[in-house]
Amino acid sequence: MLRDIGGLSGTRNMSLQEIVAMFLYTLAHHQKNRSIGNLFLRSGETVSRQFNLCLKVVLKLHEHLLYKPIAISDDCEDERWKPFKSCVGVLDGTYINVRVPSQERGKYRTRKGIIPMNVLGVCAPNMEFIYVLPGWEGSAHNVRVLRNALSRPKVSGIGNYYLVDAGCTNCDGFLAPYRGQRYHLKEWEDKQPESAEEYINMKHARARNVVERRVMPTDDIEEEDLSEDDSDDEPEFITSVVTSNH
């Protein structure tokens with residue numbers, strides 16, 4: 001795809017396979033140019049130049065790599081998704097460990113001493129990503145990250161919505177579970193729902209599991225573990241959303 005669609009090619013002294021290998025190794029292992037250069041026997045300038053060329057081509061492929069969401073139809077036969085007609089996906093945040101300059105670590109560090117990045121991800125019912133917003137500090141509240149995402153072009157259309165956790169509220173574009181009700185219930189265990197609200201929460205949790213399957217080393221960070229150094233006065237919940245025509 002990088003070659004045929006993006007137009008990336010090798011040079012006289014470096015093959016396309018080596019360029020891609022350096023690019024992937026840099027991302028996977030958080031290596032600096034010097035380390036990659038020593039590993040591949042290339043200069044730091046060559047590594048930097050080829051990395052940026054490869055990155056630009058990867059970004060051009062977003063139309064091919066990002067899944068275009070399809071809303072759940074009225075005739076859906078999947079028991080997991082039948083109750084959620086017009087739903088286009090599931091939204092959640094995750095924490096990914098990152099390396100940042102020492103002067104920036106205070107912004108990222110949580111109470112557990114971990115330095116992660118707070119990443120907002122949206123998965124379609126088939127587990128493919130349809131939206132990703134990286135870059136926010138790990139100390140940033142999920143609501144703050146979500147508000148930033150809502151200020152950008154959205155993937156949902158009029159009448160469509162995402163399943164979200166209790167950090168959001170029910171409004172146009174979002175469907176959250178009932179608060180104050182049991183949530184993680186199992187249809188095949190003794191913990192059966194005792195009310196209509198608990199039944200909906202059970203179905204909600206089962207569908208949201210499509211995004212909960214993303215396991216990261218810092219996914220166990222809870223909301224209360226986030227830093228209180230955030231000077232912005234953020235509200236506790238998202239209370240309104242205006243959907244777009246996109």
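A helix here is a DSSP run of H or I spanning at least four residues, numbered from the N terminus. The model on display is predicted.

Begin by selecting helix α3, residues 44-60, where E45 and R49 sit four residues apart, about one turn of the helix. Their side chains meet in a salt bridge, with an N to O distance of 3.0 Å. R49 is partly exposed, at a relative accessible area of 37%. This pair belongs to a structure that holds nine salt bridges.

Next, select R182, E194 and E198, which are linked in a network of salt bridges. The side chains of R182 and E194 meet at 3.7 Å, N to O. Both residues lie in the loop between β5 (174-175) and α7 (196-212), so this pair ties together parts that are 12 residues apart in sequence. The side chains of E198 and R182 meet at 2.9 Å, N to O. Here E198 lies in helix α7 and R182 in the loop between β5 and α7, so the pair ties together parts 16 residues apart in sequence.

Turn now to the backbone. Most residues other than glycine have a negative phi. Select S86, in the loop between α4 (62-65) and β1 (87-97); S86 is not a glycine, yet has a positive phi of about 75°. S86 is partly exposed, with a relative accessible area of 27%.

Finally, select M127, in the loop between β2 (116-123) and β3 (129-137). M127 also has a positive phi of about 75° without being a glycine, and counts as partly exposed at 40% relative accessibility.

Terms used: Residues numbered from 1 in each chain as written. Predicted model: local features only at pLDDT ≥ 70, side-chain atom pairs only at ≥ 80, totals over all residues. Heavy atoms only, no water. Helix = DSSP H or I, 4+ residues; strand = E, 2+ residues; numbered from the N terminus. Buried < 20%, exposed > 50% of the residue type's maximum accessible area, 1.4 Å probe, protein only. Salt bridge = Lys/Arg side-chain N within 4 Å of Asp/Glu carboxyl O.
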